[in-house]
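Dear colleague,

I am passing on the structure below, together with some notes on what turned up in it. Please read them with the structure open beside you.

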Amino acid sequence: MTALRRVIDAARDRVVATTTGLFSHGPVPLEHTLEHVDDPGLLGPDSVSWRVIGDAAAFVGGIRALLVQTAHPEVAAGVADHSTYREDPLGRLSRTSVYVTETTYGARAEVDAAVAVVRRVHAPVRGASPRGRPYAASTPELAAWVHNSLTDSFLTAYRHFGATPLSDDDADRFVVEQRGIGELLGAAPLPSTAEELSAWLRDHPDLAGSPGQLEAVDFLRRPPLPWPVLVPYRLMFAAAAATVPERLREIIGIEERPGAERVGQLMIRFLRWALGSSPSWHLALVRAGAPIPDGRFRQPLPPAARELLRRRSG
């Protein structure tokens, strides 16, 4: 190995360690997934969701979803009144990441368990927003706003920053796949096409600015992250803001910065080079016994997964 190659690999390893460290403040996703060998999960290896959420563009999608969710005053009030994001931002980030990972890539038992955790956590989240409307996180309408924001944001981020183009048919497939997760949560309404989903969010009649929204967006602009992480985060924040529809940007109070999307594309391309595709996607492919594409994954599999591959090949 040449000296240059060692330097490059060391730099990539630092990016991996820094990024994965952000998500190590909660449960380990798919920790017991190999107890369900040959289980394809809810969506399966051929789904669009495994490809979309497994790409580095999902980092921008996650930020965008949190921004869009603040546009609903009752959702914002529920976060302000009940969330621990101010005291434990990385813990909340890790828990959200585990939920998305397990509902997307988990075996069916893991999907059901992740949904049950969210239902249990949401059950006591109730109160009244500053505009006097009651809220309960478990109501179908508010669950739909949160779920649909996630679906639309991951899809939009991939279409702007993803590794490969996504056809309109595949975009609609992604929405239908994610709709299945929303149904498990009891969310409604759940649009069936990408166009319907985007319009439902953009034109929703209950949106407005609110104190909870202002506080959450201010936090998202300046989260308490170490500076080596904060710099790329700010670039991804600007990229996420650039993909939000104009009406929602006005409600949320964010601006589209010139060149933000192009910079975001370069940032995601760098992360994709450093990190490869999601290790959870890789692990789910091993569990399901599906083909593993060459060159897509960079981070090593856990020993149990390597042993399973060895036994299968033998």
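Is R131 buried, partly exposed or exposed? R131 has a relative accessible area of 35%, and it is therefore partly exposed, where buried means under 20% relative accessible area, exposed over 50%, and partly exposed in between, with a 1.4 Å probe and protein chains only.

Before going further, please note that this is a predicted model, in which local features need pLDDT of at least 70 and side-chain atom pairs count only at pLDDT 80 or more, while totals for chains, interfaces and linings use all residues. Residues are numbered from 1 along each chain as its sequence is written, and side-chain values use heavy atoms, with hydrogens and water left out.

The chain has 314 residues, of which 48% are buried. Its secondary structure comes to 15 helices and 2 strands, taken as DSSP runs numbered from the N terminus (helices are H or I, at least four residues; strands are E, at least two).

The structure holds 16 salt bridges, each being a side-chain nitrogen of Lys or Arg within 4 Å of a carboxyl oxygen of Asp or Glu. In one of them the side chains of R131 and E74 meet at 2.7 Å, N to O. This pair links distant parts of the chain, since E74 lies in helix α4 (residues 73–82) and R131 in the loop between β1 (126–128) and β2 (134–136), 57 residues apart. E74 counts as buried, at 5% relative accessibility.

Another salt bridge joins D170 and R173 (3.4 Å, N to O), and both residues lie in helix α8 (residues 168–185), 3 residues apart, about one turn of the helix. D170 is buried, with a relative accessible area of 17%, whereas R173 is partly exposed at 38%.

A further salt bridge is formed by the side chains of D218 and R222, at 2.6 Å, N to O. Salt bridges that share partners also join R51, D170, R173 and E177 into one network.

Helix α13 covers residues 260–275, and at 1.5 Å a residue its 16 residues should span 22 Å, which agrees with the 22 Å between its end C-alpha atoms; the expected span is 1.5 Å times one less than the number of residues. Its buried residues fall within an arc of 120 degrees when seen down the axis, so they line one face of the helix, the arc being that of the directions from the helix axis to the C-beta atoms. Among those buried in α13 are A260, G264 and M267.
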